Amino acid sequence: MKNLYQSFGIGFALLVEIAIFSALSPHFFTTDNLLNVMLQISITAIVAVGMTFVILTAGIDLSVGSLMAFVGVVATSMLKLDLRLEYAFPLAMLAGLLLGAASGLIAGTLVTRFRITPFIVTLALMTIWRGLAFVYTEGRPVWELPEAFALLGNGRTLGIPNPTIVMIVVFVTAYVVLSHTRFGRYIYAIGGNPEAARLAGIGVKRIVTQVYVVCGVLSAASGILLASRMNSGQPNAGIMYELDVIAAVVVGGTSLFGGRGTVTGTFLGSLLIGVLRNGLNLLNVGSYVQQVVVGVVILLAVLLDQWKKR
Amino acid sequence: MKRDILLHMRSMSKHYPGVQALDSVDFDLFAGEIHALVGENGAGKSTLTKILAGAEQSDSGTIEVSGRTIAIREPADARRLGIGIIYQEFKLVPELSVAENIFLGDERRFLRHGFVRFSLMHAEASKVLSRLGETIDPVLPVRKLSVSQRQIVEIAKALSNHVRILAMDEPTASLTDREVENLFAVMRNLKTDGVGIIYISHRIEEIFRIADRITVLRDGKLIHSCPVAEADSEMLVKWMVGREADREAHQWSPKGIAPSQRREILRIENLTSDRVHGISFGLDRGEILGLAGLTGSGRTELVRLIFGAERRSSGRIVVDGREVSVRSPGDAIKAGIGLLTEDRNLDGLVLQMSILENITLSSLSDVAFGPFVNGSKERRAASELVRRLRIKTRSVETPVETLSGGNRQKVVLGRWLMTQCNILIFDEPTAGIDIAVKREIHALIRGLASEGRGIIVISSELPELLQLCDRIAVLCDGIVAGILTREEATQERLMKLATSYA
């Protein structure tokens with residue numbers, strides 16, 4: 001009930017937005033287009049789930065976009081190894097996800113054991129992963145991948161785009177984790193009052209590190225999907241994604257000070273921004289103007305959220 | 001009475017919810033006088049100072065400064081009237097220089113063409129400091145200064161404002177003996193300059209050395225006011241403590257467990273950190289042990305060490321005859337030790353979380369199936385505690401931030417009861433809690449002891465300790481100054497031990 005209420009403000013804004021675009025464009029409210037919106041938001045929304053975990057602990061992860069690119073080039077390059085596809089494919093996925101976990105482990109360790117602020121840690125990792133992606137590929141994209149790989153991000157299952165299915169699974173799992181497990185409860189407690197959480201016997205450092213690992217793994221999954229969508233490993237993929245992701249989380253009502261927020265909100269936040277981009281495209285609004293509009297809507301959404309809380 | 005009356009506060013009253021903090025108190029101050037204001041915690045000293053500082057408004061009463069009735073509505077009014085307050089915690093900016101701190105907010109004096117002329121500021125700062133007999137380099141950042149030097153900077157800050165009335169709240173609490181001597185020299189200088197000083201201290205011996213007059217407050221009432229020559233320390237303690245309180249203290253609660261059945265549940269051996277030194281004591285099942293001592297005596301540090309919230313440099317913790325390794329609060333809880341912290345809002349509760357979530361936070365594994373929290377089991381356990389502790393709420397889902405202080409304290413207590421910890425440490429369990437809930441909490445603590453738990457209670461209110469405890473250990477400057485049984489303990493004796501090294 002409380003979660004519903006917390007998400008209501010943004011849900012309302014979303015309904016208004018959908019109504020406006022439905023009125024202005026006959027192509028907007030169609031099954032094809034709505035599935036298209038879902039596909040378009042899937043990749044950032046998956047990362048946004050990880051980001052929600054991190055922001056709930058009053059942290060931030062700026063490295064997600066670069067990590068997506070690094071994971072993308074590493075995973076795709078492994079597909080080109082001289083191996084049979086049924087070995088190369090799982091190996092590439094596993095390597096990508098492990099790389100994401102490693103990135104999260106490094107970030108979490110630096111934040112908790114060495115007490116460097118998350119902003120600085122992940123800012124540094126952001127440039128490190130981006131740099132390594134370029135070093136690893138010598139600046140060239142990884143091309144000519146097995147055809148099956150492209151299916152992962154571009155195919156459909158039961159008519160639904162695969163990335164959207166992954167997104168839904170991730171959201172449902174995250175919802176269960178946050179509201180029905182000890183881990184989830186500890187995340188809220190740490191974000192709400194880290195010292196009280198520590199004195200309640202919670203292993204704050206361990207939990208926070210795990211949260212960064214979750215974010216890293218989800219970014220890696222997203223990076224693999226993105227590479228598949230582009231059918232190539234691009235070292236400059238995912239530039240500025242971290243900001244889109246943070247915007248979605250904040251618009252979804254999660255507090256940057258930690259302890260308050262839901263993945264339901266993050267889903268609606270991702271959808272609000274995704275619908276906006278899609279609608280503006282349908283209305284042939286130029287990309288320069290779109291940027292301005294998106295920024296204004298982010299501000300409005302957050303204002304609405306604050307106003308609701310008063 | 002030939003000297004000028006600088007300040008006259010007449011029949012000051014102040015009521016807070018649940019307490020009469022001041023009950024028509026008169027207080028006056030002459031120029032060139034040091035007037036000590038003494039009393040136990042909660043006697044009304046700080047309320048009086050806060051009113052003088054403009055941080056609080058009195059409900060009734062008048063304030064005269066130099067014979068004129070004035071109103072102090074906000075801190076700026078106090079500053080204009082030449083009233084300076086030096087609080088126990090310093091209000092300095094560590095990264096700014098000594099001079100910048102002294103003239104913080106007053107830089108306009110040194111402006112030339114829109115820029116601050118630091119050479120002028122430093123010269124002026126040196127002048128103020130030398131008036132205090134100090135040679136601190138005004139260019140140094142404050143973070144590089146010792147505690148006593150910071151104190152001097154605070155005083156210089158007040159003086160730069162042409163202060164005529166200076167209130168000092170426990171200025172010697174964190175000073176070494178030599179630094180105290182320094183401070184006293186400075187205070188005597190100020191006296192000769194005609195500044196009137198209100199001196200608040202728990203250290204009785206210091207009061208007799210430095211003060212000209214003494215005013216004693218107790219429970220918000222003026223108890224006694226006289227020149228220092230007409231009092232001695234025995235009389236002073238008696239005024240502070242009060243006879244009635246003493247008698248009340250002898251109404252002991254019956255012990256829950258017969259001494260023959262008592263077994264030691266906790267033993268602390270030689271516990272040492274940078275704030276406490278070589279502390280040893282034992283605690284029996286069913287026993288309530290009090291920890292008395294002044295602010296800064298190391299009581300809170302000691303219990304935080306026992307609970308693993310801070311690192312100890314040496315010492316052993318023995319639970320039920322077996323040494324336990326306590327390196328984190330998690331370890332302590334596993335060993336059966338729980339701590340209810342002094343400031344439940346700061347580090348006890350997660351305020352935006354519900355009563356339910358706060359109660360089960362330390363024992364989620366008891367209501368979980370693998371990683372999953374069993375919602376109905378959790379709710380049953382929490383509801384049971386809400387009932388048992390009589391927490392006033394409509395639902396266990398209510399966020400803790402909407403509860404009153406007493407109910408919040410019960411939520412913290414609920415959490416520890418749920419952990420089944422057999423050793424519970426209460427740091428100021430009834431601070432800021434009204435009298436009715438206070439009695440309830442006392443009854444709960446006694447009940448816990450009679451169930452066979454070992455209890456440690458820290459309190460700044462001696463009557464509270466005398467009512468609750470079987471034994472009282474008194475800390476002073478980080479060491480145990482003495483442990484008194486309930487038969488031996490009186491407020492006078494406790495006070496004496498607490499101030500024994502001061």
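Residues are numbered from 1 along each chain as its sequence is written, and chains are lettered from A and ligands numbered from 1 in the order in which they are written. Because the model is predicted, local features need pLDDT of at least 70 and side-chain atom pairs count only at pLDDT 80 or more, while totals for chains, interfaces and linings use all residues; side-chain values use heavy atoms, with hydrogens and water left out.

**Stop 1**

A salt bridge here is a side-chain nitrogen of Lys or Arg within 4 Å of a carboxyl oxygen of Asp or Glu. By that rule, the whole structure has 38 salt bridges over all chains.

Select B:Arg213 and B:Asp28. Their side chains form a salt bridge, at 3.0 Å from N to O. B:Arg213 sits in strand 11 (residues 213-218) and B:Asp28 in strand 2 (residues 19-30) of chain B, and the two residues are 185 residues apart. Helices (H or I, at least four residues) and strands (E, at least two) are DSSP runs, numbered from the N terminus. Both B:Arg213 and B:Asp28 are buried. Buried means under 20% relative accessible area, exposed over 50%, and partly exposed in between, with a 1.4 Å probe and protein chains only.

Next, select B:Glu269 and B:Arg316, which meet in a salt bridge at 2.9 Å, N to O. B:Glu269 belongs to strand 13 (residues 264-272) of chain B and B:Arg316 to strand 16 (residues 314-319) of chain B, so this pair ties together parts 47 residues apart in sequence. B:Glu269 is partly exposed at 26% relative accessible area, and B:Arg316 is partly exposed at 35%.

Then go to B:Arg379 and B:Glu397, a salt bridge whose closest N and O atoms are 2.3 Å apart. B:Arg379 is in helix 14 (residues 375-388) of chain B, and B:Glu397 is in the loop between helix 14 and helix 15 (405-419) of chain B, so the pair ties together parts 18 residues apart in sequence. B:Arg379 counts as partly exposed at 38% relative accessibility, as does B:Glu397 at 40%.

**Stop 2: the interface of chain A and chain B**

Show both chains. The contact (heavy atoms within 4.5 Å) takes 21 residues from chain A and 31 residues from chain B. Between them the chains bury about 1,900 Å², 56% of it on carbon and sulfur atoms; buried area is the accessible area (1.4 Å probe) that two parts lose on being put together, summed over both. Select A:Arg182, A:Arg185 and A:Leu199, which supply 36% of the area that chain A buries against chain B, more than any other three residues.

Four salt bridges cross this interface. To see a cross-chain pair, select A:Glu195 and B:Arg304, which form a salt bridge with closest N and O atoms 3.5 Å apart. On the chain A side, helix 7 (162-180), helix 8 (182-192) and helix 9 (194-199) each supply at least two residues touching chain B. Helix 8 of chain A gives the most, with six residues.

**Stop 3: B:Ser297**

Select B:Ser297, in the loop between strand 15 (288-292) and helix 10 (299-306) of chain B. B:Ser297 counts as buried at 5% relative accessibility. Not counting residues up to four places away in sequence, B:Ser297 touches B:Leu475, B:Cys476, B:Asp477 and B:Gly478.
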